[in-house]
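Have a look at the picture, then read on.

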Amino acid sequence: MNGYSFTEVEGVLTKAARGSGAGVAHAAKFAKAAALALASDEGADLVNAALADLPNGVIRDHAIWLQRDLADAGEGTVMFPIGDALWVGYIDSLPYKSVETPTGKIAVYMDVFAKPVRPPRVFISDKNMAKWQVLAAKTYVPETEQSRLGGAGAGLTDND
Amino acid sequence: MNAFVAPTPASLRPPSQVMRLSRMGSMFPTRLSFLRSLMRRLAAEKVKVTRPVWEMSDDGFGRAVYSLDFGGHTYSLVAISTDLPPEMRTDRVIAEAWDSAYVLYDGVPDAAELDRITANAPRQEAGRFTERDLVLSRANKSVRLFAHVTERLQAGQQPDTDMIRSVGYLMRTTAVYGNGKFGIADRRLIADRPGLEGPFAAEMLTVWLIRNFTHDLAEHVGGAPLDDHLKRHLGVGNSTGLGMAPFLVTHPVLLNNWMLARETALARVRAIPVLQPVQKARVLELAKRATQHLAQWDVPDVDHQRRIEKLRADWAGVEASIGLYLNQTYPLDTLMASMSQRSEDVQELMVSLLIEPFGDLVDDLCETMGDTIGPLSSVIKDTDTLRVLLEQYFSWAMEIDFSAPAEHQQFWYVSEAKQEPRLGDRYLEPGSELESPLDIARRIVSLYKALPLQNQSVVEFSRDVSGHGLAIERAQLVMRYQYGEIQDNLVGVGCLPIDMLRCKLSFFGASKFDPKSDRWTRITLCQGAPLIGELDKGADDWWLPVFQG
C-alpha cells in the first residue's frame, strides 16, 4: 500500500469514472466520495464495483438520490439511511454538518456549513492504483507532432 | 468560514461587464493580490528568515535551506541547484531537467529528510513526495542575466542597470505545484494556518524565498554582494502556459470570490465622498508611477508591444487629467466613470490604481478570497425554474450561435504524454471525443434546448436525459456566485487562453506580462518586493514597481 494525497486520489478516480463512461458531474461526486470510502476496509472493493457497473450503477444512482433528497428538504434537516462506506462518503462530501442518529440514520443539517473531514493520506495498493490509472488514461489524448509543438503554445528552447 | 462582506450590488460593476475574457486579459495586480497580502502578513509578524544550510560548490551547485517562523509554524525552503547542460534547458512542461528545484517543507528537515528531498525534487513530476512537502517548484536561469551578474561581481563591479531593468529576474519558475500534486500535502492540511489561509499563500511564500535564493546564488558565484536596490528589482520570472487556464473554469467559487473582492474594493473607494489632501497627493503619485512602470515595460512580441505603446499614450492623457477630478465630490467615482470610453487596458489600470491608496478601506477583503467550505449550491427543483434561471443568468451564452463551426473550433484536452491541459483544433486534430469539460457556454445552451415543455422535477429530468449534469451544477451555483463564470465561449475560435492566464496571474501579483503566444506568457513576480531583511521597514509600497537605476 502506498500513501497518496486526497487530491491525487480524487483526480485519478474522477478520470477513471469518466473513462468508464460516467458523466462529468457524476464522476466528480463519485471521486470525492470514493476517496473518503477508501479509508474503510471495504472501500476499494466498493470503488471497483462501482466503476465496473458504469455507465449504470451507484455512480449514477447515488448522485441522483442525493440530489432528490436534498431538493425535497429545502434548507432543513435531511435524514439519509446509513449505507456502505461509499454511500456514506457521498454524504460526508457535502459541505454540511452530518451526524449519525440513534435510530440508525445520518442527519444532514443543511443550515450548518461544515468542511468535509478528510484523512491526510489515502492508502492504495499498487494493483488498484494501476487499474484506475488505466481507466483514467482513457480520457487522455495521445500526442501528435502538431499537439506537441503547438498544444501548449510554447517555443522549444528558452535560453535567454 | 470566511467573513462575508456584503457588497452594495448597485455599486458593483456587473458580471456581464467584468467577466468577459478581453477585460480579464487586461487586468493588473492590485493590493489585494496574493503576494501583496502575504508580504503584509510577513511584515506584520516581522518574520526573520535564516539560512541553516548552504552546501554549494564555487560554481553554484549544491543545496541550501531557508527557514522561517510564520503564524506559529516553522517552514523551510529546500533549494537544489544542479548543473544543467544548455541543450536541456526549456521552460516547457515537456522538460525533464531544470537548473534548480525547490520544496517548501513543513518544519525544518533533518538530514534524512533533506536527502530525500534532494533525491526527489530535481525529478519533479517523476519524484514522489510526502505531506511534509507543501509546495514543489523548479526554475531555470535567465542565462544571459545570471552570467552577466556573476561575471560583473567577479570583476568587482555591479551589473549593468539596463540589463537588470530589462530582464528583471535571475531565474524563472516553470511550475509551482501545490495542493497534493505528486504526493505533496493537500491544500486543506494547511488552509487554516495563520498566514496561509489565503489562496496560493504557500505558493507565493515559496516564490518569495526562491527569489532570495537566486540573489544569494549569484552573490555566491560572483563572490561579492549585489547592491540592495538592484536586488529589490530582481524578482522571479515565471513561464506559464495552458496548464493554468482551466483552473478558473473548474474553480467557480474561487473565481467569484477573487473578482467579487476586487469589485467590492473598487465600489468602496468609489463611494468616498471627499478626498483628503494627502490622499489626493497619493493618487497623483501612483498615477505617475504607473506612467513610469509602463515606460519600463517592453516585450519582444510586436502585437503586444504595440498594445503597451497604445496604453502608454492613452495613460499619459489620463494622468494629465486626474487632478481635475480629485477636488470634486465622489471624486474617484467620477474619475472611474470618465474612463467608460477608454480601452479596457486603461480602465483596468485605473481600477488597480484607485484601490491602491486605500488599504484601510479594502485590505479586509483579502480574508474573503478563499474557499473554505466548497461550493454551496442552490437547489433548483423543477425544469421551469431552471429555464427561467438560465434565461436570467446565461443570456450571454444563449447569444452564441453554436451551429457555426467557428464557435466550437477549439477543444480542450489532457495530453497523454504529460497529463497537462492542451488546446486543439477540432477540425484538424484527433481527440475531440475526449474533450475536457471547459465548454460551459455550449453545455448551458445544450441543456436549455433539452429542457422539456412540460414541467418536471430536475431530478427526473437528470435521470431521463443524461449529459447535462455539469450544466445543471453550474446553474445551481450562479445565483450565489455571480462572478464565478467566464462569460465567453471558451471553445470558440476567438478564445485566447492568454486572457485567462493574465487574470489569474494578476491575482497572484504578477507584472510585466510578456506573452510569447496566445497560449503562454512570461511574467515577473516579487519585483520591487521587500528583501528578507526589509520586512520591518514597511513592506507594502511596491505596486507596479519602477526601477530607479
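## Ground rules

A polar contact here is a pair of N or O atoms within 3.5 Å; within protein, one must be able to donate a hydrogen and the other to accept it, and residues adjacent in sequence count only if both atoms are side-chain atoms. This is a predicted model, where local features need pLDDT of at least 70 and side-chain atom pairs count only at pLDDT 80 or more, while totals for chains, interfaces and linings use all residues. Residues are numbered from 1 along each chain as its sequence is written, chains are lettered from A and ligands numbered from 1 in the order in which they are written, and side-chain values use heavy atoms, with hydrogens and water left out.

## Around B:S100

Let's start with one serine. B:S100 sits in strand 4 (residues 100-106) of chain B; helices (H or I, at least four residues) and strands (E, at least two) are DSSP runs, numbered from the N terminus. With a relative accessible area of 1%, B:S100 is buried (under 20%; exposed is over 50%, partly exposed in between, with a 1.4 Å probe and protein chains only).

Which backbone oxygen lies 3.0 Å from a polar atom of the B:S100 side chain? That oxygen belongs to B:A139. The B:S100 side chain also makes a polar contact with the side chain of B:Y102, at 2.7 Å. Leaving out residues up to four places away in sequence, B:S100 touches several others, including B:I80, B:T82 and B:M171; contact means heavy atoms within 4.5 Å.

B:M204 belongs to helix 7 (residues 201-222) of chain B, and is buried at a relative accessible area of 2%. Setting aside residues up to four places away in sequence, B:M204 touches B:F34, B:L35, B:L38 and B:F508. B:V135 is 69 residues from B:M204 along the chain, yet their C-alpha atoms are separated by 9.7 Å.

Helix 10 (residues 252-270) of chain B runs for 19 residues and reaches 26 Å from first C-alpha to last, close to the 27 Å expected (1.5 Å times one less than the number of residues). Why is helix 10 of chain B largely enclosed by the rest of the structure? Because 18 of its 19 residues are buried.

## Domains of chain B

Chain B splits into domain 1 (9-29 + 250-372), domain 2 (34-241) and domain 3 (383-478), with bounds that come from an automatic or database domain assignment. Domain 1 and domain 2 of chain B each put eight residues into their contact. Their centres, taken over C-alpha atoms, are 31 Å apart.

Together these two domains bury about 680 Å², 58% of it from carbon and sulfur atoms. Buried area is the accessible area (1.4 Å probe) that two parts lose on being put together, summed over both. Two salt bridges cross this interface, each a side-chain nitrogen of Lys or Arg within 4 Å of a carboxyl oxygen of Asp or Glu.

## Where chain B meets chain A

Now for the two chains. Here 62 residues of chain B are in contact with 49 residues of chain A, and about 4,700 Å² is buried, with carbon and sulfur atoms giving 50%.

Four salt bridges span chain B and chain A. In a salt bridge between B:E473 and A:K29, N and O are 2.3 Å apart. On the side of chain B that touches chain A, helix 20 of chain B gives the most, with four residues.
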